[in-house]
Amino acid sequence: MSTAGQVIKCKAAVAWESGKPLSIEDVEVAPPKVHEVRIKIVATGVCHTDWEYLYETGKGMKFRPFPLVLGHEAAGEVESVGPEVTDFSPGDKVIPLFLPQCQQCERCLSSKTNLCRKNWANTQVGVLADGTSRISCNGQQVYQFLGVSSFSQYTVVPDTSLAKIRADAPLHKVCLLGCGVSTGYGAAVNTGKVEKDSSCAVFGLGAVGLAAIMGCQISRAKRIIGVDINPDKFEKAKMFGATEFVNPREHSKNIQDVLVEMTDGGVDFAFECVGSPAVMTSALESTTDAWGLCVIVGWTETEAMNVVVEKILMGRTLKGTYFGGWKSVQDVPKLVDDYMNKKLKLDEFITHKLPLDQINKAFELLKLGTSIRTVISLWPEKANPEMAS
Ligand SMILES: NC(=O)c1ccc[n+]([C@@H]2O[C@H](COP(=O)([O-])OP(=O)(O)OC[C@H]3O[C@@H](n4cnc5c(N)ncnc54)[C@H](O)[C@@H]3O)[C@@H](O)[C@H]2O)c1
Ligand SMILES: [Zn+2]
Ligand SMILES: [Zn+2]
């Protein structure tokens, strides 16, 4: 029976307040409005940014409204479309996007950036274009994280924040292209434009950092140095192409001095994939002063770097990257193709699979450093046979 046009009752993990675990609730998801699409989420990853918003809002992160449904790294199927939607139909396989691509604004028309600002102000405060969310719980509005909210069996997103992907894509794998893997990989190939035979240092070996390593390897860098305070990450990093490892805790010197020494003057490219102001400084200073490029991928909203002019005056470049520089609507389907054609790794990032009602465990595993990515199945396995594989 079609659910189009009706309110859907389903399960979601709701964040009622900052600093408290998520709670599984029955929520109501309203039908999509003009230029919106309602999707059934099949699988979602849990990204460090979800953790950060839940546990650091009001501390490291600025205030955001609660209650909130987090989650922004997902894949699913279109359930129904709102008025004036022309590019999607029920049943299409899709990846929702926290960064839109409207294909009309000045930024979308520029090749210099991927930062489309369509609906930006609204999605940053948890609502869609009309200023409200489509999710509610016991009559109370529940905000949508970055305009996505994939920790819900159904959600509604703008049609400019959705990528249609090939029908044979395994959703419980390609969900990772909704954030972490695309971000780290794009940081290396789009933002850094890592060169053949170069030396690279990647700080932080979570999914984002490992994907950056994958990008460095695909770009045929000669030395790829993985830096992490958790040595358990080194084995995985090797699988993605890291050639050497450094644990800052095993050195009495600053880690940047260790790297400068190891590379006789500094690396060509450094990627900060931790989100720590101190590590950002180390990453910048680990690059060669003449032409080193440092890409900030990790997220923080605390005052970050105190950049001493001398550190960049000689010729270093400091850059940031959002969603790896990808033009989201057009590039995510190509990344899915690259995975299907075995150019990109995805399976290797998935260390755990859990059902929605154990989502708090996924947060714990991430924070403990035990997991790289946990993929959450939104539906019982019988209703979602893909997750059994
Ligand atoms: N720019 C973007 O568009 C974007 C997108 C996604 C995620 N992010 C950010 O990227 C960062 C990484 O995300 P993730 O999901 O891979 O996180 P993660 O928690 O899985 O990985 C972080 C890694 O950093 C390591 N680490 C912690 N302190 C360190 C230190 N002092 N030195 C070296 N390593 C250290 C941890 O051991 C861990 O392995 C987060 O800040 C996240 O918010 C940014
Ligand atoms: Zn993310
Ligand atoms: Zn745009």
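## The shell around ligand 1

The residues of the shell around ligand 1 comprise 17 nonpolar, 13 polar and 3 charged; Ala, Val, Leu, Ile, Met, Phe, Trp, Tyr, Cys and Pro count as nonpolar, Asp, Glu, Lys and Arg as charged, and the others, Gly among them, as polar. This is a predicted model, in which local features need pLDDT of at least 70, side-chain atom pairs count only at pLDDT 80 or more, and totals for chains, interfaces and linings use all residues. Residues are numbered from 1 along each chain as its sequence is written, while chains are lettered from A and ligands numbered from 1 in the order in which they are written.

In total, 33 residues surround ligand 1, and the closest are His48, Gly204, Gly206, Gly275 and Trp299 (near: C-beta atom, placed from the backbone, within 6 Å). Because domain 1 (8–178 + 346–388) and domain 2 (183–322) both give residues to this shell, ligand 1 lies between them; the domain bounds come from an automatic or database domain assignment.

## The nonpolar core

The largest nonpolar core has 114 residues, and Val174, Val202, Ala212 and Phe271 have the most contacts inside it. Such a core is a set of buried Ala, Val, Leu, Ile, Met, Phe, Trp, Tyr and Cys residues joined through C-beta atoms within 7 Å, where buried requires 20 or more other C-beta atoms within 10 Å of a residue's own, all placed from the backbone. Both domain 1 and domain 2 give residues to this core, so it lies between them.

Leaving aside neighbours within four places in sequence, the contacts of phenylalanine 271 (C-beta atoms, placed from the backbone, within 7 Å) include Val202, Phe203 and Ala212.

Notes
A residue is buried if 20 or more other C-beta atoms lie within 10 Å of its own, exposed if 12 or fewer, and partly exposed in between; C-beta atoms are placed from the backbone. Two residues are in contact if their C-beta atoms, placed from the backbone, lie within 7 Å.
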